[in-house]
Amino acid sequence: MRKLAVVMLTLLLLILVVLPAKEIRDTIERPLYSADVIFDPAQRSLSAKLNYKLPPGDYEQIVFTVYANAYEQGINGIFVFPQFKERVFYQGESLGSVAVSDVRVNGVLADFVLVGTALTIMPRSNVLSNRPVEVTMDYTVTVPKISHRNGSNKDAVWAGNWLPLLAVREGQTWLTYPYYPAGDPFHNQVADFTINIEVPPGYTLVGPGVLHKTNSTFTVVAKNIREFAIAIGPAYTQAVRTSRQGVELSFYTYNAPPNTVNSLLDELEDMIDYFTAEVGPYSYPSLRFVQTGWFLGGMEYPGVVLLSDATLQNYYSVRSTMLHELAHQWFYAIIGNNQVTDSWIDEGLATFFQQRYLQGSELDSHYAKERMALAPLLKTHPDVRLGQSLDIYTDWSHYYRVNYRRSSLMQYDLFKLMGADKYRLFTQSLYAEYKDSELDKNGLIRLASEAYGQNLESWFYPWFND
Ligand SMILES: [Zn+2]
């Protein structure tokens, strides 16, 4: 009996341990990021042991984007337009930093170089192209005392750009970009994350996905997301509820009126119903809005939205911002796009859906006024074509008028051309085909044409060429 029990136990262990391990090893489809991180509030630093499992492929080089490295330039950095420097650096000059060491590929030390926002790793030994690849490194990022996507104030430290993310590869080319001051200059594909972050006692951590706390360590498990934003602070109050669709909805604030937060949660449920009906279901287990010192209204990440201090003080402003950033959960997070070359896609769709919801029956008169107001403004800019890369914009107004306002006007005109039913078919088909993937111009035109029942290439042409 005893021997039989040992055999049975061994078999069970084989099934439980070896088989799933082999399955993960051989069938990984998207990158798996895991990390053990320690947060030090005095230094505003995150020190991490990072582990990346990458799907099989040809890896002569492996490139990660490290946007946090752009902050080492401080006030001389290019990541913010001169017009905004006073607001971003209101606490004075403050530098961020990044330190990378002990980079290994499949356990073997690798050469690497960090230049600007690109970390290029060169394995010293051959990497088998039919096996998942493991990259590990020691990594420390320091968050500056500024009001940007990485930043801090007396109440919190937040970071949208803290973690190195695998660059997107087109053929043999790894796509990396500078930290342009216009737009959200990022392009990421989805990955799965399991991240442990140790914080001092009494501190709260906000992140995406499913959050668990054990002693002072938060474990964040998030699947199918393209960026991993966090906020940490000792003063956060959480207001939470479960939506009708079973999504955990919450606000983390350090000085917002409680009535504001409760009303926002009420409205958030209705807004999610609206997007679910028009586009498709919200696909993450949670959505967390978090107060930060970010300087421009709201900043969207998958399952996490940074809200600015100022926005939260005015109900109508925060309601409108919440709606816009919620729209980005569908247009940017769930349905992705290259935000460097095609920011018109997510900003145009998010702005149009925001206005449809806010304006209701006034939508037509809103866009009639908008068309009149925008025309003379666009004449002041040399290039107002949709689909231009972020590097052409020399100030925020130029970027905003083209990619938010002109692009949303295009969506409105498309909506009027197609009618609400066919437009809904169109946005639902974007979701069906591009969920957890990346939409581009050709895909958008093709699916609009299919939903309309007629080729729309010539209809779209002027928006991209005039
Ligand atoms: Zn936006």
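**A close look at strand E7**

Analyst: Let's start with a pairing: strand E6 (residues 111–115) and E7 run antiparallel to each other, joined over five bridges. Keep in mind that this is a predicted model. One of the pairings to look for is Val113, whose bridge partner in E7 is Thr120. E6 and E7 make a hairpin, with two residues between them. Gly116 sits in that turn and has a positive phi of about 60°.

E7 also pairs with strand E3 (residues 62–65), again in the antiparallel sense, this time over four bridges. Here you can pick out Ile62, which has Ile121 of E7 as its bridge partner. As for cover, E7 itself spans residues 118–122, and four of its five residues are buried.

Now for the metal site. A zinc ion is held by NE2 of His324, NE2 of His328 and two OE contacts from Glu347, at 2.0 to 2.8 Å. Along the sequence, those donor residues follow the spacing H-x3-H-x18-E. His324 belongs to helix H5 (residues 315–330) and Glu347 to helix H6 (residues 343–359), so this pair ties together parts that are 23 residues apart in sequence. The arrangement around the zinc ion is irregular, because the four donor atoms subtend angles of 51 to 155°. His324 counts as buried because its relative accessibility is 7%, and Glu347 is buried too, with a relative accessible area of 1%; the cut-off for buried is under 20%.

Methods: Residues numbered from 1 in each chain as written. Predicted model: local features only at pLDDT ≥ 70, side-chain atom pairs only at ≥ 80, totals over all residues. Heavy atoms only, no water. Buried < 20%, exposed > 50% of the residue type's maximum accessible area, 1.4 Å probe, protein only. Pairing = 2+ DSSP bridges. Donors = N, O, S within 2.8 Å, 3.2 Å for Na, K, Ca; no water. Tetrahedral: all angles 85-135°; square planar, octahedral: opposite > 155°, others 65-115°.
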